[in-house]
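Here is a short briefing to read with the model open beside you.

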Amino acid sequence: MKPVKIGLLGLGTVGGGTVNVLKRNAEEISRRAGRAIEVSHASARDLGKARICDTTGIILTTNPAEVVDAPEVDVVVELIGGVTLAHEMVMKAIHNGKHVVTANKALIAKHGNEIFAAAQAKGVVVAFEAAVAGGIPIIKAIREGLAGNRIEWLAGIINGTGNFILTEMRDKGRDFADVLAEAQALGYAEADPTFDVEGIDAAHKLTILAAIAFGIPLQFEKAYTEGITKITREDVTYAEELGYRIKHLGVARRTEGGIELRVHPTLIPERRLIANVNGVMNAVLVKGDAVGPTLYYGAGAGAEATASAVVADIVDVVRALTADPGNRVPHLAFQPDQLSDLPILPMEEVVTAYYLRLQVEDRPGVLADITRIFGEAGISIEAVLQKEPAEGEANVSLIMLTQRVKERSMNQALAAIARLDAVTGEPIRIRMESLG
Ligand code: HSE
(Lines give C-alpha, C1' and ligand atoms only; values in the text may rest on other atoms or scores of the structure.)
Protein backbone atom coordinates (compact mmCIF):
# COMPACT_ATOMS: atom_id res chain seq x y z
CA MET A 1 0.00 0.00 0.00
CA LYS A 2 1.16 3.55 -0.75
CA PRO A 3 2.47 5.56 2.23
CA VAL A 4 0.08 8.08 3.77
CA LYS A 5 1.35 11.56 2.95
CA ILE A 6 1.50 14.25 5.59
CA GLY A 7 1.49 17.99 4.87
CA LEU A 8 3.03 19.81 7.80
CA LEU A 9 2.19 23.45 8.52
CA GLY A 10 4.98 24.82 10.72
CA LEU A 11 8.50 23.54 11.26
CA GLY A 12 9.16 25.09 14.68
CA THR A 13 9.64 23.27 17.99
CA VAL A 14 6.71 20.85 17.64
CA GLY A 15 6.91 20.59 13.82
CA GLY A 16 10.61 19.71 14.03
CA GLY A 17 9.95 17.22 16.82
CA THR A 18 7.20 15.60 14.75
CA VAL A 19 9.48 15.14 11.72
CA ASN A 20 12.16 13.60 13.96
CA VAL A 21 9.81 11.19 15.77
CA LEU A 22 8.12 10.08 12.53
CA LYS A 23 11.54 9.38 11.01
CA ARG A 24 13.17 7.71 14.00
CA ASN A 25 10.24 5.43 14.80
CA ALA A 26 9.02 4.96 11.23
CA GLU A 27 9.12 1.19 11.32
CA GLU A 28 7.16 0.76 14.57
CA ILE A 29 4.73 3.51 13.63
CA SER A 30 3.87 1.87 10.32
CA ARG A 31 3.40 -1.50 12.06
CA ARG A 32 0.89 0.20 14.34
CA ALA A 33 -0.88 2.27 11.71
CA GLY A 34 -0.95 -0.44 9.04
CA ARG A 35 0.57 1.98 6.48
CA ALA A 36 3.87 3.78 6.11
CA ILE A 37 3.65 7.48 6.95
CA GLU A 38 5.82 10.15 5.35
CA VAL A 39 5.99 13.92 5.51
CA SER A 40 5.81 14.91 1.86
CA HIS A 41 5.18 18.69 2.13
CA ALA A 42 5.86 21.31 4.77
CA SER A 43 5.51 25.06 5.14
CA ALA A 44 7.54 27.42 7.29
CA ARG A 45 7.62 31.21 7.56
CA ASP A 46 11.37 31.38 7.04
CA LEU A 47 12.93 28.59 4.96
CA GLY A 48 16.48 29.77 5.73
CA LYS A 49 16.14 29.27 9.50
CA ALA A 50 18.17 26.58 11.33
CA ARG A 51 15.94 23.59 12.23
CA ILE A 52 16.01 20.80 14.78
CA CYS A 53 15.02 18.35 12.01
CA ASP A 54 16.35 17.22 8.65
CA THR A 55 13.96 18.29 5.87
CA THR A 56 15.65 16.37 3.04
CA GLY A 57 13.05 14.94 0.65
CA ILE A 58 10.25 17.22 1.92
CA ILE A 59 8.77 19.74 -0.53
CA LEU A 60 9.13 23.07 1.28
CA THR A 61 7.22 26.31 0.82
CA THR A 62 6.54 29.52 2.73
CA ASN A 63 2.88 29.35 1.69
CA PRO A 64 0.82 26.97 3.88
CA ALA A 65 -2.07 27.06 1.39
CA GLU A 66 0.15 25.21 -1.11
CA VAL A 67 0.49 22.35 1.36
CA VAL A 68 -3.23 22.27 2.11
CA ASP A 69 -4.05 22.31 -1.61
CA ALA A 70 -1.44 19.70 -2.66
CA PRO A 71 -3.48 16.80 -4.11
CA GLU A 72 -1.01 14.17 -2.80
CA VAL A 73 -1.39 15.28 0.84
CA ASP A 74 -3.79 13.01 2.78
CA VAL A 75 -3.47 14.54 6.25
CA VAL A 76 -2.74 18.16 7.14
CA VAL A 77 -0.88 18.64 10.43
CA GLU A 78 -1.33 22.20 11.68
CA LEU A 79 1.49 23.31 13.97
CA ILE A 80 1.73 27.02 13.20
CA GLY A 81 -0.19 28.14 16.30
CA GLY A 82 -2.12 31.39 16.57
CA VAL A 83 -5.70 31.57 15.47
CA THR A 84 -6.20 33.54 12.27
CA LEU A 85 -4.04 31.75 9.69
CA ALA A 86 -4.40 28.38 11.44
CA HIS A 87 -8.20 28.72 11.36
CA GLU A 88 -8.17 29.58 7.70
CA MET A 89 -5.85 26.66 6.83
CA VAL A 90 -7.77 24.10 8.90
CA MET A 91 -11.09 25.12 7.33
CA LYS A 92 -9.47 24.97 3.89
CA ALA A 93 -8.08 21.50 4.59
CA ILE A 94 -11.52 20.29 5.71
CA HIS A 95 -13.08 21.88 2.64
CA ASN A 96 -10.50 19.97 0.54
CA GLY A 97 -11.65 16.73 2.21
CA LYS A 98 -8.39 16.23 4.12
CA HIS A 99 -8.07 14.95 7.68
CA VAL A 100 -6.45 17.34 10.13
CA VAL A 101 -4.21 16.93 13.16
CA THR A 102 -3.60 20.03 15.26
CA ALA A 103 -1.80 20.94 18.48
CA ASN A 104 -3.55 24.31 18.55
CA LYS A 105 -5.48 24.71 21.81
CA ALA A 106 -6.48 28.33 21.15
CA LEU A 107 -7.93 27.31 17.79
CA ILE A 108 -9.93 24.39 19.18
CA ALA A 109 -11.10 26.27 22.31
CA LYS A 110 -12.31 29.24 20.27
CA HIS A 111 -13.39 27.75 16.95
CA GLY A 112 -13.73 24.03 17.69
CA ASN A 113 -17.54 23.97 17.47
CA GLU A 114 -17.43 25.36 13.94
CA ILE A 115 -14.44 23.20 12.93
CA PHE A 116 -16.00 19.94 14.17
CA ALA A 117 -19.34 20.71 12.49
CA ALA A 118 -17.52 21.32 9.18
CA ALA A 119 -15.42 18.15 9.62
CA GLN A 120 -18.53 16.11 10.42
CA ALA A 121 -20.27 17.40 7.30
CA LYS A 122 -17.23 16.50 5.16
CA GLY A 123 -16.66 13.14 6.83
CA VAL A 124 -13.12 13.98 7.93
CA VAL A 125 -11.38 13.74 11.29
CA VAL A 126 -9.87 16.66 13.21
CA ALA A 127 -7.61 15.24 15.93
CA PHE A 128 -6.22 17.44 18.72
CA GLU A 129 -4.54 15.28 21.40
CA ALA A 130 -1.46 17.54 21.48
CA ALA A 131 -3.61 20.58 22.26
CA VAL A 132 -3.92 19.60 25.92
CA ALA A 133 -1.11 18.67 28.30
CA GLY A 134 1.49 18.01 25.57
CA GLY A 135 2.48 14.35 25.55
CA ILE A 136 -0.10 13.09 28.07
CA PRO A 137 -2.82 11.17 26.19
CA ILE A 138 -5.53 12.88 28.23
CA ILE A 139 -8.02 13.42 25.40
CA LYS A 140 -7.94 9.73 24.55
CA ALA A 141 -8.17 8.76 28.22
CA ILE A 142 -11.30 10.83 28.85
CA ARG A 143 -12.93 10.33 25.45
CA GLU A 144 -12.37 6.59 25.20
CA GLY A 145 -10.81 5.11 28.33
CA LEU A 146 -13.37 6.66 30.70
CA ALA A 147 -16.37 6.36 28.34
CA GLY A 148 -18.26 4.24 30.87
CA ASN A 149 -18.15 6.93 33.55
CA ARG A 150 -20.14 9.97 34.50
CA ILE A 151 -17.26 12.41 34.96
CA GLU A 152 -17.78 14.39 38.18
CA TRP A 153 -14.83 16.75 38.08
CA LEU A 154 -11.34 17.19 36.76
CA ALA A 155 -8.47 19.37 37.92
CA GLY A 156 -5.20 19.84 36.11
CA ILE A 157 -1.84 21.51 36.06
CA ILE A 158 -2.03 22.18 32.35
CA ASN A 159 0.48 24.94 31.73
CA GLY A 160 4.07 23.77 31.97
CA THR A 161 5.55 27.27 31.91
CA GLY A 162 3.39 28.41 34.84
CA ASN A 163 4.22 25.28 36.82
CA PHE A 164 7.93 25.71 36.05
CA ILE A 165 7.81 29.30 37.33
CA LEU A 166 5.93 28.38 40.54
CA THR A 167 8.30 25.47 41.18
CA GLU A 168 11.45 27.54 40.70
CA MET A 169 10.04 30.34 42.90
CA ARG A 170 9.33 27.83 45.64
CA ASP A 171 12.50 25.71 45.41
CA LYS A 172 15.12 28.28 44.53
CA GLY A 173 13.56 31.63 45.36
CA ARG A 174 14.16 32.66 41.75
CA ASP A 175 12.78 35.75 40.17
CA PHE A 176 9.61 35.48 38.07
CA ALA A 177 11.02 37.17 34.94
CA ASP A 178 14.22 35.17 35.04
CA VAL A 179 12.39 31.81 35.13
CA LEU A 180 10.01 32.92 32.37
CA ALA A 181 12.99 33.79 30.15
CA GLU A 182 14.37 30.27 30.69
CA ALA A 183 11.00 28.69 29.79
CA GLN A 184 11.00 30.75 26.59
CA ALA A 185 14.52 29.65 25.71
CA LEU A 186 13.53 26.01 26.26
CA GLY A 187 10.58 26.39 23.86
CA TYR A 188 7.91 25.78 26.52
CA ALA A 189 6.36 29.23 26.59
CA GLU A 190 3.73 30.48 24.17
CA ALA A 191 4.72 32.98 21.46
CA ASP A 192 2.98 35.53 23.68
CA PRO A 193 4.04 34.45 27.20
CA THR A 194 1.18 36.40 28.80
CA PHE A 195 -0.93 33.44 27.60
CA ASP A 196 1.05 31.28 30.05
CA VAL A 197 1.29 33.60 33.04
CA GLU A 198 -2.21 35.09 32.78
CA GLY A 199 -3.85 31.65 32.55
CA ILE A 200 -5.20 32.01 29.00
CA ASP A 201 -3.34 28.95 27.70
CA ALA A 202 -4.62 26.88 30.64
CA ALA A 203 -8.17 28.18 30.03
CA HIS A 204 -7.96 27.08 26.37
CA LYS A 205 -6.98 23.57 27.50
CA LEU A 206 -9.53 23.41 30.31
CA THR A 207 -12.30 24.44 27.89
CA ILE A 208 -11.40 21.45 25.72
CA LEU A 209 -11.23 19.03 28.65
CA ALA A 210 -14.59 20.21 30.02
CA ALA A 211 -16.28 19.76 26.64
CA ILE A 212 -15.17 16.15 26.28
CA ALA A 213 -15.71 15.33 29.96
CA PHE A 214 -19.28 16.63 30.17
CA GLY A 215 -20.48 16.52 26.56
CA ILE A 216 -20.95 20.29 26.26
CA PRO A 217 -19.95 22.66 23.46
CA LEU A 218 -16.64 24.51 23.73
CA GLN A 219 -17.25 27.72 25.69
CA PHE A 220 -13.89 29.42 26.19
CA GLU A 221 -15.44 32.86 26.63
CA LYS A 222 -17.23 31.67 29.79
CA ALA A 223 -14.13 30.32 31.54
CA TYR A 224 -12.97 32.26 34.61
CA THR A 225 -9.29 32.99 34.06
CA GLU A 226 -6.73 34.19 36.59
CA GLY A 227 -2.95 33.86 36.20
CA ILE A 228 0.04 33.56 38.50
CA THR A 229 1.46 37.07 38.21
CA LYS A 230 0.24 38.13 41.66
CA ILE A 231 1.68 35.13 43.52
CA THR A 232 4.48 36.20 45.84
CA ARG A 233 7.26 34.26 47.57
CA GLU A 234 5.52 35.17 50.82
CA ASP A 235 2.31 33.38 49.84
CA VAL A 236 4.26 30.34 48.69
CA THR A 237 6.03 30.20 52.08
CA TYR A 238 2.90 30.74 54.21
CA ALA A 239 1.00 28.12 52.22
CA GLU A 240 3.82 25.66 52.95
CA GLU A 241 3.71 26.44 56.65
CA LEU A 242 0.03 25.54 56.60
CA GLY A 243 0.66 22.26 54.74
CA TYR A 244 -0.27 23.39 51.21
CA ARG A 245 1.36 24.00 47.84
CA ILE A 246 0.25 26.72 45.45
CA LYS A 247 -0.43 25.36 41.99
CA HIS A 248 -2.00 26.97 38.96
CA LEU A 249 -4.99 24.74 38.44
CA GLY A 250 -7.74 24.37 35.85
CA VAL A 251 -10.88 23.02 37.49
CA ALA A 252 -14.06 21.81 35.77
CA ARG A 253 -16.77 20.42 38.00
CA ARG A 254 -20.32 19.27 37.44
CA THR A 255 -22.67 20.79 40.05
CA GLU A 256 -26.45 20.84 40.32
CA GLY A 257 -26.61 24.39 38.96
CA GLY A 258 -24.21 23.88 36.07
CA ILE A 259 -20.54 23.46 35.22
CA GLU A 260 -17.72 25.22 37.05
CA LEU A 261 -15.05 26.23 34.53
CA ARG A 262 -12.19 28.07 36.20
CA VAL A 263 -8.44 28.58 36.06
CA HIS A 264 -6.64 30.19 39.00
CA PRO A 265 -3.81 29.72 41.51
CA THR A 266 -4.97 27.18 44.08
CA LEU A 267 -3.77 25.91 47.45
CA ILE A 268 -3.69 22.09 47.40
CA PRO A 269 -2.87 19.91 50.43
CA GLU A 270 0.79 18.92 50.01
CA ARG A 271 -0.01 15.24 50.57
CA ARG A 272 -1.89 15.05 47.25
CA LEU A 273 0.19 13.59 44.42
CA ILE A 274 -0.79 16.46 42.13
CA ALA A 275 0.65 18.98 44.63
CA ASN A 276 4.04 17.36 43.97
CA VAL A 277 4.00 17.78 40.20
CA ASN A 278 6.92 20.08 39.56
CA GLY A 279 8.78 21.90 36.81
CA VAL A 280 7.36 21.80 33.31
CA MET A 281 5.45 18.59 34.05
CA ASN A 282 1.66 18.53 33.71
CA ALA A 283 -0.89 16.37 35.50
CA VAL A 284 -4.63 15.95 35.21
CA LEU A 285 -6.76 14.41 37.92
CA VAL A 286 -10.10 13.08 36.63
CA LYS A 287 -12.84 11.78 38.90
CA GLY A 288 -15.26 9.36 37.29
CA ASP A 289 -18.21 7.91 39.21
CA ALA A 290 -17.22 4.32 38.41
CA VAL A 291 -13.43 4.42 38.36
CA GLY A 292 -12.92 7.01 41.14
CA PRO A 293 -10.01 9.44 40.91
CA THR A 294 -7.43 8.81 38.15
CA LEU A 295 -4.23 10.78 37.62
CA TYR A 296 -2.40 11.35 34.34
CA TYR A 297 1.12 12.75 34.50
CA GLY A 298 3.80 13.65 31.97
CA ALA A 299 5.61 16.32 30.02
CA GLY A 300 3.19 19.08 29.09
CA ALA A 301 5.42 20.85 26.59
CA GLY A 302 8.58 20.40 24.55
CA ALA A 303 9.40 19.26 21.03
CA GLU A 304 9.25 15.47 21.21
CA ALA A 305 6.78 15.19 24.11
CA THR A 306 4.23 17.17 22.10
CA ALA A 307 5.24 15.35 18.91
CA SER A 308 4.39 12.10 20.70
CA ALA A 309 0.75 13.24 20.85
CA VAL A 310 0.79 14.60 17.30
CA VAL A 311 2.11 11.31 15.92
CA ALA A 312 -0.42 9.29 17.94
CA ASP A 313 -3.15 11.38 16.32
CA ILE A 314 -1.65 10.79 12.88
CA VAL A 315 -1.72 7.04 13.57
CA ASP A 316 -5.37 7.29 14.67
CA VAL A 317 -6.26 9.22 11.54
CA VAL A 318 -4.48 6.70 9.33
CA ARG A 319 -6.47 3.89 10.96
CA ALA A 320 -9.67 5.93 10.51
CA LEU A 321 -9.01 6.22 6.76
CA THR A 322 -10.58 2.82 6.35
CA ALA A 323 -13.39 3.23 8.95
CA ASP A 324 -16.97 4.22 8.17
CA PRO A 325 -17.22 7.95 9.21
CA GLY A 326 -20.34 7.16 11.27
CA ASN A 327 -18.36 4.71 13.42
CA ARG A 328 -15.47 7.00 14.32
CA VAL A 329 -14.86 8.31 17.82
CA PRO A 330 -16.84 11.61 18.02
CA HIS A 331 -14.67 14.76 18.18
CA LEU A 332 -16.07 15.88 21.54
CA ALA A 333 -16.54 12.34 22.93
CA PHE A 334 -20.35 12.52 22.77
CA GLN A 335 -22.31 12.19 19.51
CA PRO A 336 -22.64 15.65 17.92
CA ASP A 337 -26.44 15.71 18.31
CA GLN A 338 -26.14 14.66 21.96
CA LEU A 339 -24.28 17.63 23.40
CA SER A 340 -25.86 19.02 26.56
CA ASP A 341 -26.86 22.63 27.24
CA LEU A 342 -25.76 22.53 30.90
CA PRO A 343 -24.88 26.14 31.78
CA ILE A 344 -21.39 27.26 32.79
CA LEU A 345 -21.69 28.73 36.31
CA PRO A 346 -20.81 32.41 36.81
CA MET A 347 -17.75 32.63 39.09
CA GLU A 348 -19.82 34.31 41.86
CA GLU A 349 -21.79 31.06 42.21
CA VAL A 350 -18.71 28.88 42.66
CA VAL A 351 -18.06 27.53 46.16
CA THR A 352 -14.48 27.06 47.39
CA ALA A 353 -12.38 27.42 50.53
CA TYR A 354 -9.93 30.34 50.65
CA TYR A 355 -6.44 31.31 51.72
CA LEU A 356 -6.38 35.03 52.58
CA ARG A 357 -3.49 37.33 53.37
CA LEU A 358 -4.24 40.74 54.85
CA GLN A 359 -1.84 43.51 55.78
CA VAL A 360 -3.13 44.93 59.05
CA GLU A 361 -2.07 47.31 61.80
CA ASP A 362 -0.74 45.50 64.84
CA ARG A 363 -3.19 46.78 67.51
CA PRO A 364 -6.04 45.39 69.66
CA GLY A 365 -9.46 44.89 68.11
CA VAL A 366 -8.33 44.50 64.48
CA LEU A 367 -8.76 40.74 64.39
CA ALA A 368 -12.16 41.12 66.12
CA ASP A 369 -13.36 43.56 63.43
CA ILE A 370 -12.28 41.17 60.67
CA THR A 371 -13.84 38.07 62.21
CA ARG A 372 -17.08 40.01 62.84
CA ILE A 373 -17.35 40.76 59.11
CA PHE A 374 -16.72 37.10 58.27
CA GLY A 375 -19.24 36.02 60.92
CA GLU A 376 -21.93 38.30 59.49
CA ALA A 377 -21.25 36.93 56.02
CA GLY A 378 -21.62 33.36 57.30
CA ILE A 379 -17.96 32.59 56.56
CA SER A 380 -16.31 30.15 58.92
CA ILE A 381 -12.60 30.51 59.65
CA GLU A 382 -10.51 27.36 59.63
CA ALA A 383 -7.06 28.66 60.67
CA VAL A 384 -5.34 31.96 61.48
CA LEU A 385 -1.63 32.73 61.34
CA GLN A 386 -0.17 36.07 62.37
CA LYS A 387 3.37 36.92 61.39
CA GLU A 388 5.71 39.16 63.35
CA PRO A 389 6.06 42.57 61.71
CA ALA A 390 9.24 42.98 59.70
CA GLU A 391 11.86 45.21 61.37
CA GLY A 392 10.72 48.84 61.34
CA GLU A 393 7.24 47.89 59.98
CA ALA A 394 4.01 48.73 61.78
CA ASN A 395 1.90 46.27 59.81
CA VAL A 396 1.69 42.52 60.13
CA SER A 397 0.59 39.83 57.70
CA LEU A 398 -2.53 38.04 58.82
CA ILE A 399 -3.10 34.73 57.04
CA MET A 400 -6.48 33.05 57.28
CA LEU A 401 -7.90 29.86 55.85
CA THR A 402 -11.69 29.74 55.52
CA GLN A 403 -14.16 26.95 55.00
CA ARG A 404 -16.01 26.63 51.70
CA VAL A 405 -18.16 29.61 50.81
CA LYS A 406 -19.81 31.08 47.72
CA GLU A 407 -17.50 33.48 45.85
CA ARG A 408 -20.16 36.20 46.02
CA SER A 409 -20.14 36.18 49.87
CA MET A 410 -16.35 36.26 49.93
CA ASN A 411 -16.28 39.22 47.51
CA GLN A 412 -18.67 41.15 49.76
CA ALA A 413 -16.78 40.31 52.96
CA LEU A 414 -13.39 41.23 51.45
CA ALA A 415 -14.77 44.53 50.17
CA ALA A 416 -15.96 45.36 53.73
CA ILE A 417 -12.60 44.28 55.19
CA ALA A 418 -10.66 46.40 52.69
CA ARG A 419 -12.64 49.43 53.95
CA LEU A 420 -11.43 48.98 57.56
CA ASP A 421 -8.93 51.66 58.61
CA ALA A 422 -6.58 49.07 60.07
CA VAL A 423 -6.31 47.16 56.79
CA THR A 424 -3.80 48.38 54.22
CA GLY A 425 -3.60 47.35 50.58
CA GLU A 426 -5.83 44.89 48.79
CA PRO A 427 -6.51 41.59 50.57
CA ILE A 428 -4.83 38.70 48.75
CA ARG A 429 -7.01 35.67 48.13
CA ILE A 430 -6.11 32.27 46.71
CA ARG A 431 -8.79 29.61 46.34
CA MET A 432 -8.24 26.18 47.88
CA GLU A 433 -9.21 22.71 46.69
CA SER A 434 -8.92 19.57 48.78
CA LEU A 435 -9.17 17.34 45.65
CA GLY A 436 -10.22 14.49 47.91
N1 HSE B 1 3.02 27.10 26.69
C2 HSE B 1 2.48 25.81 26.94
C3 HSE B 1 2.91 25.36 28.33
C4 HSE B 1 3.00 24.84 25.89
O5 HSE B 1 3.79 25.97 28.91
O6 HSE B 1 2.32 24.43 28.84
C7 HSE B 1 2.20 23.58 25.82
O8 HSE B 1 0.88 23.81 25.47
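Leaving aside residues up to four places away in sequence, Val-39 touches Ile-6, Leu-8, Leu-22 and Ile-58, where contact means heavy atoms within 4.5 Å. Please keep in mind that this is a predicted model, in which local features need pLDDT of at least 70, side-chain atom pairs count only at pLDDT 80 or more, and totals for chains, interfaces and linings use all residues. Residues are numbered from 1 along each chain as its sequence is written, and side-chain values use heavy atoms, with hydrogens and water left out.

**Around Val-39**

- Val-39 belongs to strand β2, residues 37-43; strands (E, at least two residues) and helices (H or I, at least four) are DSSP runs numbered from the N terminus.
- Val-39 counts as buried because its relative accessibility is 13%, and buried means under 20% relative accessible area (1.4 Å probe, protein chains only).
- One of its contacts, Leu-8, is 31 residues away from Val-39 in sequence, yet their C-alpha atoms are 7.0 Å apart in space.

**The ligand site**

- The residues surrounding the ligand are Lys-105, Asn-159, Gly-160, Thr-161, Tyr-188, Ala-189, Glu-190, Asp-196, Asp-201, Lys-205, Gly-300 and Ala-301, each with a heavy atom within 4 Å of the ligand.
- Helices α7 (160-172) and α10 (200-214) each contribute at least two residues to this shell.
- Glu-190 places a polar side-chain atom 2.6 Å from a ligand nitrogen, while a polar backbone atom of Tyr-188 is 2.7 Å from a nitrogen atom of the ligand.
- On the oxygen side, a polar side-chain atom of Lys-205 lies 2.8 Å from a ligand oxygen atom.
- The protein buries 92% of the 250 Å² that the ligand exposes when taken alone, with areas from the Shrake-Rupley method and a 1.4 Å probe.

**The chain as a whole**

- The protein chain contains 14 helices and 16 strands.
- Its C-alpha trace spans about 85 × 45 × 35 Å along the principal axes.
- Of the 436 residues in the protein chain, 53% are buried.
- Among contacts between residues at least 6 apart in sequence, 74% join residues at least 24 apart.
- The protein chain exposes about 18,400 Å², and carbon and sulfur atoms supply 50% of that area.

Methods. Polar contact = N/O pair within 3.5 Å; in protein donor to acceptor, adjacent residues only side chain to side chain. Buried < 20%, exposed > 50% of the residue type's maximum accessible area, 1.4 Å probe, protein only.
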